[in-house]
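Let's take a walk through this model together, one chain at a time.

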Amino acid sequence: MSTSMRPTTDNGPQRAPDQGEDPADALLLPVPDDDGAPFWEYAARRELRVQACAACGELRFPPRPCCPHCRSFDHRWRRMSGRGRIWSYVVPHPPLLPAYAAQAPYTVVVVELADAPRIRLAGNLVAAPDAALNSVDPGRVRIGAAVKVAFHEQAPGVTVPRWLLERP
Amino acid sequence: MGATLKDAAVIAGTGQTAFAKRLPESERALACRAIVAALDDAGIAAAEVDAFASYTMEETDEVEVAKAIGAGDVTFFAKAGYGGGGSCATVAHLAAAIATGQARVGVAWRSRKRGSGPRPWRNTAVQLPTPAQWTRPFGLLRPADEIGVLARRYMHEYGATRDHFFNVALACRNRANQNPAAIMYDRPLTREMYMTSRWISEPLCLFDNCLETDGALACVVVAAERARDLRHRPVYVHSVAQGLPAQHHGMVNYWTDDPLTGPAWTAARQLWKQADFGPADVDVAQIYDAFTPLIPLSLEGYGFCGRGEGAAFTEGGALEIGGRLPLNTAGGGLSEAYVHGFNLITEGVRQLRGTSTAQVPDAATCLVTAGEGVPTSALLLRS
C-alpha cells in the first residue's frame, strides 16, 4: 500500500503498530467518536454494553447524543448478556485491503441481541476468541444460529467483540 | 395547496463523453465536455447558464466549470449529499430554483474517473459517511459487503434467489448489447457465466456489481415556458423527491426496526403524492443499480409490487423490452457505465424523446431513481 493511503490526521483509522511488517497492512481498528467511545472502553473490560436512555429506558444503537424517543440527553450503558442470533451475514472475497485479503474469505455477521432483538451488532464469526477471521467454514453459517460474544485484543489496548457459535 | 413543481421545468438537453475503463482527460475536462455537449443539444448559449447543481463525491466544482465553459453570472448553486443518492436531486434542485425565479438556465453534471482512479473504500484515511467504527474493523470494507448483508437477509426473508439477481443483471446486459456507447456493448451475458463467476462478497458475485467507469454526463434544465424554443422535444420534470427515512443509517442500515424498507419507500411516498399518475402508468424505469439486489428492493419501495415481491417481479422477462417494466434501457450502472447514476437520467430523456437504442414504443412516462441504500432522490419524467 502506498504511503499516501496511510492516515495523516488525528481522526483517521488507527492501526495496530506491531502486526505485520507494514502497519498499513494490519486490520483496521475502530475509530471511536465521542458517543461511541464508552462502548469500546467497556469492550476493553470485556463487557458488552449498549447505550440506554436514562429517562425512558429505551436502548439505542449506534450511540448518539439524544434519545430519539423522548429527547433526553441523559444516558447510561446497560450490560448485555452477550447472547444473540445471526440476523444476516456476508462472506467477502478479494479485492480487499491487504490484511483482510490475507484471511479471505471470512464471515462477517450481523447479530441481533437476545436481550434486545432490535439492537444488532456487526462482527466476525470465529472459532475461538483469538482465532483467524476465516476460522469458521462459511458453509456452516446460518441465519438464526445462536451465538455468544467473545472479546479479542486486536492491538495493544484495543479490544473488539467477536462471535462464537453456541453449537459449533 | 401552494406552489407546485409539477411540470414547471423541463430537461432541455443532455450531453456525455465516451465511457471507458480509462479516459486520458481530467475529470474537469470531461465535465466541461459533457456540459458543452448538453448546452449544444439544448441550443442554449453557455452565457445564459446561471445555475449549477451537483452531488457529493464530485471533484469538479462550480467555480472551475463555470469559468471554463463561459457561464454568465450564477445566482443558484447547490450540492446534494450522499454520492449516488444525490443524482436525481440535482435536477430537483434546479427545477425548484427555476420555478421560484432564482435562476433561468440550470446545469447538472457528473464527472468521474472511477475506472482508472482509486476505489474510495481503499482510502483508509477518510471516513466514509457511514458509522465506520461499527463495521469496518470487521471487514465490511466495500459497498458490496455492506449491501451483501441486506441482500442475504432479503433472500432469507422472501425466498429471493441468485436467479432473481441474474434476471436483473441480464436485463441490463441485454440493453447494453443494443447500445454502442455502453462498456458492455459487445459482451453478452449468459446464466452460466453468471453462476460460475467469482464471488465479490457472497451472496454477490462479479455480475451483481456495477462497472467502475471513466466518463461524464450533464443535463440542462429550463422553465417549461421555454419548451417550444428548444431544439428537441422537451422532457417534463413531473415530480421530484428526496428520501431520508426515519432512523435510517445509510448503506449499513442494520439498526432500524425494518432494514429492508429503505430510502426508496420515503422518496416514493413524496414522489407519487405530487404526481398525476401512479406506478402502473410508468412505461419505462431507470432504477439505480450499483448492485443487482437494489432493483427488487426499489421495485417494492416505488410501489411496482408489494413488500417481498420484488424478486418474483423480475421473473418471466418482466424487466426486458416488452415486459411489465423495461429497466435501465441503456444498460444501467451494471452494463452501460457506472457514473453514479447520472446515465440513468440521460437515458430517461432519450426514452421520452423516442431516441433510445432500446426504445420502448410510445414511452411517455419514466421513473428515474438515485442510489438506494443511502439517502436518495428520484424523478418522474414525462413527455
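In what sense do β10(B) and strand β11 (residues 376-382) of chain B pair, and over how many bridges? They pair in the antiparallel sense, over five bridges. Two strands count as paired if DSSP finds at least two bridges between them, and the elements themselves are DSSP runs, numbered from the N terminus: helices are H or I with at least four residues, strands are E with at least two.

Before going further, a word on the source. This is a predicted model, in which local features need pLDDT of at least 70 and side-chain atom pairs count only at pLDDT 80 or more, while totals for chains, interfaces and linings use all residues. Residues are numbered from 1 along each chain as its sequence is written, and chains are lettered from A and ligands numbered from 1 in the order in which they are written.

Back to the strand pair. Within it, Val368(B) has Leu379(B) of β11(B) as its bridge partner. Six residues lie between the strands of this hairpin, and there Gly373(B) takes a positive phi near 100 degrees. On β10(B), Thr365(B), Leu367(B) and Thr369(B) point one way, Cys366(B) and Val368(B) point the other way, and all are buried (20 or more other C-beta atoms within 10 Å of a residue's own; exposed means 12 or fewer, partly exposed is in between, and C-beta atoms are placed from the backbone). In a regular strand the side chains alternate between the two faces of the sheet. β10(B) also pairs with strand β9 (residues 284-286) of chain B, in the parallel sense over three bridges; here Val284(B) is partnered by Cys366(B).

Now zoom out to the whole sheet. It is open, with nine strands of chain B in the order β3-β2-β4-β7-β1-β8-β11-β10-β9 and mixed pairing. β3 (76-80) and β9 of chain B stand at the edges with a single partner strand each, so one side of each has no neighbour in the sheet. From one strand to the next, the twist averages 25 degrees (axes are lines fitted to C-alpha atoms, for helices over the stretch in contact, and angles run from 0 to 180 degrees between N-to-C directions). Elsewhere in the sheet, β4 (residues 105-113) and β7 (residues 214-223) of chain B pair in the antiparallel sense over nine bridges, with Arg112(B) opposite Gly215(B).

Helix α11 (residues 342-353) of chain B is worth a stop too. Of its 12 residues, 11 are buried, so α11(B) is largely enclosed by the rest of the structure. Among the buried ones are Phe342(B), Glu347(B) and Arg350(B). Just after the helix, Gly354(B) takes a positive phi of about 85 degrees.

For chain B as a whole, there are 11 helices and 11 strands, and 62% of its 383 residues count as buried.

Finally, look at where the chains meet. The contact (C-beta atoms, placed from the backbone, within 7 Å) takes 31 residues from chain B and 40 residues from chain A. On the side of chain B that touches chain A, α4(B) gives the largest share, six residues. Strand β3 (residues 83-92) of chain A runs antiparallel to β5(B), joined by two bridges, and Val91(A) has Glu202(B) as its bridge partner there.

Terms used: Two residues are in contact if their C-beta atoms, placed from the backbone, lie within 7 Å.
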